[in-house]
Amino acid sequence: MATYSPTTPVSQLGRGGDVPPPSNGGGDDGGFQGSSLPNGFPNYGARLRRARLGLICAIATVSMVFISLTSAYVVRQGLPTFDGTTNAYVRDWGMVQLPWQLLVINTVLLLTSSLTMEAARRDVTRRAALAPLKSFPGISLGDEKSFPWLEVTVVLGLGFLVGQWFAWGELKSRGFFVDTNPNSSFVYLLTAAHALHLAGGIIALLWASITSLQHRPVEGRRIVVDVAAWYWHFMAVLWIYVFALLAFAR
Amino acid sequence: MATSATVHAHAPQGFIRKYIFSLDHKVIGIQYFFLALTAVFVGMFLSLLMRIHLLWPGVSLPLVGEIKPEMYLSLLTMHGTIMVFFVLTTAPQGGFGNYFLPIQIGAPDMAFPVLNMLSFWTTFVAFVTIIAAFFVTGGAPLHGWTGYPPLSAIQQAGPGEGLGADLWITSIAIFCLASLMGALNFLTTTLDMRAKGMTMMRMPLTVWSWFITAILGLLAFGVLLSAGILLLMDRNLGTSFYVPLVVVNGQIMGHKGGSPLLWQHLFWFFGHPEVYIAILPGMGVTSQILSTFSRKPIFGYKAMVYAMLAIGFFGFMVWGHHMFMSGMSPYSAFAFSLLTMCIGVPSAIKTFNWLGTMWKGHIRFQTPMLYAIGFVSLFVSGGLSGPFLAQPVLDIQLHDTYFVVGHFHLIMGVAAIFGMFAATYYWVPKMFGRMMNETWGRIHFFITLAGTYAIFMPMHYLGIAGGTRRYSQYTEVAYLQKLMPIHAFMTYAAIITIAAQFIFVINLFWSIFKGPKASDNPWEATTLEWTTATPPPHDNFNGVTPVVHHGPYEYGVPGAARDYVMQTDPSTVPSH
């Protein structure tokens, strides 16, 4: 144990997990940057990073929900059921005639919406980057009206949900209800779980659209749109996954 | 997402914004704390009813009348569910974590304050929903906190399995959503809002424990949510995920082909990490308190962090050890058994590090310290029976006996509760600005420690002797009747221990209002919450963002003016 020396500089200390003291910031990553800058303006960069981090956590959770549903799907599919009439174990998984055409159309709708969402994200990112220029005297960005990508995305997203609703109707007209067989139970369950999550994304987009009508700073809206966009892309990937599961793992 | 510091610079004024729908993590932490306190008294009352019924089966009790066997099952279901979700998960993480995580890392609030408020009120709705199950037709469900189908999946299976069981599942689903929102917030806050100088390896072990708990919660609660939705569908939509062909009262139910084992897998994939969700924050606070009151740095800080990570990691791989009796390939059982015993290694590392921290320390035996030592004691006593139960051959004998009840109550129940008591006695001065009464604190500690051992230790003998759990009466079976004196002893111990908890509650409320004023740093501790005012201002540090220069456990610094160095102290300390 070394003796205490008031002259030992902090940089030579070894306690606290042998981590050197702060140099140009702090924390591991430059340290906590408050939601506001020292001059009182909101720190949008820090807020965006935080919101994206939150989104990663949310995506992890949603993934766990679908992973567990998938494992239930696989397990239930392979279960033998005792058949009293033949005294033998049989598979009762059953079959479902999926409305292929509708589902493919819905998939195209959702993938297109992902593209328009990306366009909306890039558009608002560009605007947010240019926004500080407005504060310079003599500089005007003009009243540039861009294509309403966000609104188009909402319409396409709602179109997907309506399309899924029709797909359910088609399933019912073909005689496949939620309790018809385990396969049909999972078709309804997985599509409903995905639709519910997508509806959450639509609410976020509507929120972003409403804020664009109010005269709020574009940087704040950019955060909502950015996070909603990544979530939306995740929803598209998730749908492809669900569709593939229902189509190929029957 | 109102994360703006400008929002936080001015505390809200109106009563509703300030105390009910507050965005302040400290108010939300206190709300969680009192919700858990309410829940623990409900849960404890239910356990008292059960213990009294076991000893005097025919007696008519006030409020509830004579306890019938089905009501006994309702009591044990609700006791377990309320305790696991609304006490063990809510208080350590939602309560103390919410209050102290932002302060300990030097942040003005949680990353997403609105989400934080939402997660508390969602938890509250979940609590109201589960309590409502008592008051509907048929009463509360009978299926135990583990909710195994087919019992839990068929409405006609018993008196509480109608609306009561639906409310039970709905409550848990809502609770899952609340916990997921909370976990998301904890993770983002810890990763992104640490003050300058607060590197990951300078975080107090409490922060590490809340962080790892949040990871477990984020990955585990989604699985329970899915499992619960499947169960609700089986109950109400006629699907057969979990239910095979079942005959109830001579009537064939509409289900066929489902597997109760599927539920067990999904449930325990959540259920085992849940055990660590309950105990990890207790480990964190114990480390914090043992170091502070021994006036020594924590022994093996890095080892403590890695041990907690290892416990969290292995926690996801051992769920099968709950199902040895459910029918399992011997090879799977072997793997689950081996992985379960692996958890003994990081647990032992933690235990020896706690002992090493106290070794040759200048120990201050104040109430928080007593409870922290009590935690270590219970962690060892409850933990040592774990490797026994991890053996499939032994588990087949001991499964569904009181041995298991004794094991998990000691380690998951009482040890975690001791962590909460330690945290309460340690942090109430900071939270409410008043010291708790030391004498009554000690009396409460010694009665509770002796009492919990007296209740739960005999359960091990009971279990080895074949004493089955979940039976409402032991009077009809000769060999079980011989065990009644042990039951009598446990019931008397439970009555005394439960009575002693009123000492705690009176001490808590008396101290909050009338206790001697606490200084900013009454325990001479080093972490950031002790650098700010008592109680902390609305934005935690009065507009100043702290800068961290040291690790969290700089105690017993030789030659220094004081025997500790605050984390924010810019002065130099020796590299010993």
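Two residues are taken to be in contact here if their C-beta atoms, placed from the backbone, lie within 7 Å. With that criterion in mind, select in helix 8 of chain B the residues B:His272, B:Pro273, B:Tyr276, B:Leu280, B:Met283 and B:Ser287, which meet B:Met304, B:Met308, B:Ile311, B:Gly312 and B:Gly315 in helix 9 of chain B. By class, this contact of helix 8 of chain B with helix 9 of chain B has seven nonpolar, four polar and no charged residues.

Now widen the selection to the whole of both elements, residues 260-294 for helix 8 of chain B and residues 301-315 for helix 9 of chain B, whose axes come within 9 Å and cross at roughly 170°. Angles over 145 degrees count as roughly antiparallel, and helix 8 of chain B is therefore roughly antiparallel to helix 9 of chain B.

Before going further, colour by confidence, because this is a predicted model. The model scores ipTM 0.92 and pTM 0.93, and chain B averages a pLDDT of 94, with 97% of the residues scoring at least 70. Residues 1-8 of chain B should be read with care, as their pLDDT is below 50, although this stretch has 25 contacts in the model beyond near neighbours in sequence.

Next, select helix 4 (residues 69-105) and helix 7 (residues 205-236) of chain B, whose axes come within 10 Å and cross at roughly 125°. The two helices are therefore oblique to each other, and the crossing of helix 4 of chain B and helix 7 of chain B is left-handed. On the helix 4 side of chain B, show B:Gln93, B:Gly97, B:Phe100, B:Leu101, B:Gln104 and B:Ile105, which meet B:Thr206, B:Val207, B:Trp210 and B:Thr213 in helix 7 of chain B. The residues of this contact divide into five nonpolar, five polar and no charged.

Finally, step back to the domains of chain B, where the assignment gives domain 1 as 26-199 + 223-258 and domain 2 as 275-514. Their C-alpha centres lie 21 Å apart, and the contact takes 24 residues from domain 1 of chain B and 23 residues from domain 2 of chain B. Which elements give two or more residues to the side of domain 1 of chain B that touches domain 2 of chain B? They are helix 3 (25-55) and helix 4 of chain B, and helix 4 of chain B gives the most, with 13 residues. The residues of this side of domain 1 of chain B divide into 17 nonpolar, six polar and one charged.

Definitions and conventions. Residues are numbered from 1 along each chain as its sequence is written. Chains are lettered from A and ligands numbered from 1 in the order in which they are written. This is a predicted model: local features need pLDDT of at least 70, side-chain atom pairs count only at pLDDT 80 or more; totals for chains, interfaces and linings use all residues. Axes are lines fitted to C-alpha atoms, for helices over the stretch in contact, and angles run from 0 to 180 degrees between N-to-C directions. Helices (H or I, at least four residues) and strands (E, at least two) are DSSP runs, numbered from the N terminus. Angles under 35 degrees count as roughly parallel, over 145 as roughly antiparallel, 65 to 115 as roughly perpendicular and the rest as oblique. A crossing is left-handed if the near helix is turned anticlockwise from the far one by less than a right angle, and right-handed if clockwise. Ala, Val, Leu, Ile, Met, Phe, Trp, Tyr, Cys and Pro count as nonpolar, Asp, Glu, Lys and Arg as charged, and the others, Gly among them, as polar. Domain bounds come from an automatic or database domain assignment. pLDDT is the predictor's confidence in each residue, from 0 to 100.
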